[in-house]
Structure formats: C-alpha cells, structure tokens
Amino acid sequence: MTLKFYWYPKCGTCRKAKKWLDEHQVSYEEIHIVDNPPSRSKLEEIYKNSGLEMKKLFNTSGQKYRDLGMKDKIPSSSVDELLDLLASDGMLIKRPLITDGKKATVGFKEEDYEKTWLK
C-alpha cells in the first residue's frame, strides 16, 4: 500500500519530511492536511495503530490548539471526543502524519522514519 502523507506545504517540518522521503525513494501520496484532513475513522485507525498517546496527535504549537484551550481539555476528554475534535480541523493535527494503514508516524524524527518507513 502507498503511504498517505498528510502535510501542510507551508510547514518547515513537513518539507523536511517530504525531502527525506524523496531522498530515500519512499513512494507516497501527498494529501493537504487542511484541504483534505483524514476522516474521523481514519484518525481512529491511525491512533490505534500508532501506539501513540492521544495528545501526541495534536499540533500543540498551533494557534487553533491554543484558541480552543486544548491543553486543559485533553486530560478530561474521552478518546471519542478528542477524535471528533481532530477530525473537525486539519490544523489541530500534528503534522506531517504518515500512515500505511497499519503503522503511523506523526511529526518528523529521522530515526523514527528509518525504523518505520525503510524496509
């Protein structure tokens, strides 16, 4: 399966991740995270497959995160409520977000990419 690469072109971290994927000849489908955010069911699948804590899926440095007071909401919200919120706005999702349907990574750490996406 082709990787789904959810990104925001103006994001420096996303551009670094894209460059890394290109340099390592990893094929992927580019998806603009704001214009075409992952669906709630896709986010749930990514959450379950990534093994990450729910808060790791949030773009904690984003304006939207601060505007909504997410820092205080996350600890007291259910997974379902948080998935609904993430699905409501691509700018709330930490990026880049990459998934192959089984595994997922958020953000860009070269060692994570090497372990996860180089076969």
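**Figure 1. D80 and its salt bridge to R40 in the predicted model.** In this predicted model, D80 is partly exposed, with a relative accessibility of 44%. The side chain of D80 meets that of R40 in a salt bridge, with an N to O distance of 2.9 Å. Because R40 lies in helix α2 (residues 40-50) and D80 in helix α5 (residues 79-88), the pair ties together parts that are 40 residues apart in sequence. R40 also counts as partly exposed, at 25% relative accessibility. Side chains of opposite charge can pair when their charged atoms come close.

**Figure 2. The salt bridge between K48 and E44 within helix α2.** The closest N and O atoms of K48 and E44 are 3.1 Å apart, and the two residues form a salt bridge. Both residues belong to helix α2, where they are four residues apart, about one turn of the helix. K48 is exposed, its relative accessible area being 58%. E44, in contrast, counts as partly exposed at 24% relative accessibility.

Figure 3. D100 pairs with K103 in a salt bridge whose closest N and O atoms are 3.2 Å apart. D100 is buried, with a relative accessible area of 12%, whereas K103 is partly exposed, with a relative accessible area of 32%. Elsewhere, salt bridges that share partners join R40, E44, K48, D80 and D84 into one network. The count for the structure comes to 11 salt bridges.

**Figure 4. The cysteines C11 and C14, which form no disulfide.** The structure holds zero disulfides. C11 is in no disulfide, and the nearest cysteine sulfur, which belongs to C14, is 3.1 Å away. Seen from C14, the closest cysteine sulfur is that of C11, and the separation of 3.1 Å is too far for a bond, because a disulfide requires a pair of cysteine sulfur atoms within 2.5 Å.

**Figure 5. The aromatic cluster of F5, W7 and Y28.** Ring pairs link F5, W7 and Y28 into a cluster. The count of aromatic pairs in the structure comes to five.

Figure 6. E29 is found in strand β2, which comprises residues 28-32. At 37% relative accessibility, E29 counts as partly exposed. When residues up to four places away in sequence are not counted, E29 touches T2, L3, K4 and F5. One of these contacts is also polar: the side chain of E29 makes a polar contact with the side chain of K4 at 2.8 Å.

Methods
Residues are numbered from 1 along each chain as its sequence is written. This is a predicted model: local features need pLDDT of at least 70, side-chain atom pairs count only at pLDDT 80 or more; totals for chains, interfaces and linings use all residues. Side-chain values use heavy atoms; hydrogens and water are left out. A salt bridge is a side-chain nitrogen of Lys or Arg within 4 Å of a carboxyl oxygen of Asp or Glu. Helices (H or I, at least four residues) and strands (E, at least two) are DSSP runs, numbered from the N terminus. Buried means under 20% relative accessible area, exposed over 50%, partly exposed in between (1.4 Å probe, protein chains only). Rings of Phe, Tyr and Trp (its six-membered ring) pair if their centres lie within 6.5 Å; planes under 30 degrees apart count as stacked, over 60 as edge-to-face and the rest as tilted. Contact means heavy atoms within 4.5 Å. A polar contact is a pair of N or O atoms within 3.5 Å; within protein, one must be able to donate a hydrogen and the other to accept it, and residues adjacent in sequence count only if both atoms are side-chain atoms.
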